[in-house]
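Visitor: Could you walk me through this one? I'd like to start with the sheet and then move on to the helices.

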Amino acid sequence: MAQGSSHRVHTADVHRVVVIVDENSNPFELGCATEVFGLRRPEIGRDLYDFRLCSPEPRTLMRDGFFTLTGVADLTAADAADTLIVPNRPDVEVPRRPAVLDAVRRAHARGARLIGFCSGAFTLAEAGVLDGRRATAHWQWADSFRARFPSVHLESDVLFVDDGDILTAAGSAAALDLGLHVVRRDYGAEIANSVSRRLVFAAHRDGGQRQFVERPIPDLPDESLAPVLAWAQERLDSPLTVSDLAARASVSAATMHRRFRAQLGTTPLAWLTTQRLALACRLIERGEHRFEVVARHSGLGTAANLRMLMRRETGITPSAYKERFGPDVSRPSMDG
């Protein structure tokens with residue numbers, strides 16, 4: 001399967017995302033990276049990223065020999081990445097190539113952002129860049145990871161971990177969650193929502209949600225949370241409680257808690273907070289500069305509560321968010 005090394009000519013003001021593909025790499029995570037970072041965005045009116053694949057070999061046999069990837073750049077492309085996505089593959093006990101690990105170390109040393117999807121955390125840990133850092137990996141490899149890399153603070157029951165310049169996702173679907181989180185971090189909630197709509201994927205699953213959802217597909221159609229979620233999203237400015245959600249679904253509060261845990265891997269109040277923060281971000285991006293108004297219309301109550309939650313969840317204040325993503329701001333390029 002031939003694949004061009006880049007789908008567009010690089011320009012200096014576009015953030016460069018490079019994916020290293022190595023032998024036995026997983027096609028799904030490669031597809032996730034391509035979908036989030038590699039597609040043109042005519043619906044937005046501009047490209048968000050310059051996207052490139054590279055590999056240590058001219059021909060790369062993908063997982064289980066499904067296909068062979070050819071025609072991509074060599075590893076020197078990794079040296080130009082603002083964001084470097086490292087290889088992930090199912091054979092986690094097999095050491096990564098020294099050339100790949102060296103490329104990861106060089107990228108980290110010059111300040112590039114590093115991303116590991118699923119078993120990509122093993123690549124980052126082997127390179128030594130995760131020592132003393134927070135990370136996650138797929139739950140089925142948690143024991144193996146901890147045994148091999150005891151200096152890494154593994155969080156094995158979350159979807160993804162954002163540790164600043166190093167981000168890791170737990171599994172295949174979580175790669176999309178982390179990818180959208182990165183877009184949101186780079187370009188704000190509105191553009192992240194646009195990307196998620198094109199993916200027909202949930203716009204925002206918080207990284208702290210559990211990896212393992214007890215019942216991904218409800219046994220009974222009338223147990224689906226979709227109707228009550230849609231109802232709540234239209235009323236985020238109201239003081240909704242778990243009892244309100246339960247009453248809407250005609251179930252007890254305990255049953256509502258159980259369904260949220262089983263179907264979404266989170267609690268009703270945590271879900272509401274995530275949705276309200278996303279709405280607050282969109283209001284700021286659309287030009288509402290009065291943070292008391294943003295807090296009231298998003299259901300967060302006060303500007304003080306808005307500031308506290310935004311700093312906790314996004315790492316920046318509402319004022320900083322407005323300066324970065326407000327409607328009168330020309331989007332800056334991300335320099336890593």
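Visitor: What's the order of the strands in the open sheet?
Guide: The six strands of the open sheet are ordered β2-β1-β5-β6-β10-β9, and their pairing is mixed; strands are DSSP E runs of at least two residues, helices H or I runs of at least four, both numbered from the N terminus, and two strands pair if DSSP finds at least two bridges between them. This is a predicted model, in which local features need pLDDT of at least 70, side-chain atom pairs count only at pLDDT 80 or more, and totals for chains, interfaces and linings use all residues. Residues are numbered from 1 along each chain as its sequence is written, and side-chain values use heavy atoms, leaving out hydrogens and water.

Visitor: And which strands stand at the edges?
Guide: Those are β2 (49-54) and β9 (160-162), each with a single partner strand, so one side of each has no neighbour in the sheet.

Visitor: How do β1 and β5 run, and how many bridges join them?
Guide: β1 (residues 15-20) and β5 (residues 83-85) run parallel and are joined by three bridges, with V18 having L84 as its bridge partner in β5.

Visitor: Switching to helices, at what angle do α1 and α5 pack?
Guide: Helix α1 (residues 27-38) and helix α5 (residues 172-187) pack at about 25 degrees, with axes 9 Å apart, where axes are lines fitted to C-alpha atoms, for helices over the stretch in contact, and angles between N-to-C directions run from 0 to 180 degrees. The two helices are therefore roughly parallel, a term for angles under 35 degrees.

Visitor: Which residues of α1 make the contact?
Guide: On the α1 side they are F28, E29, C32, V36 and F37, contact meaning heavy atoms within 4.5 Å.

Technical notes: Parallel < 35°, antiparallel > 145°, perpendicular 65-115°, else oblique.
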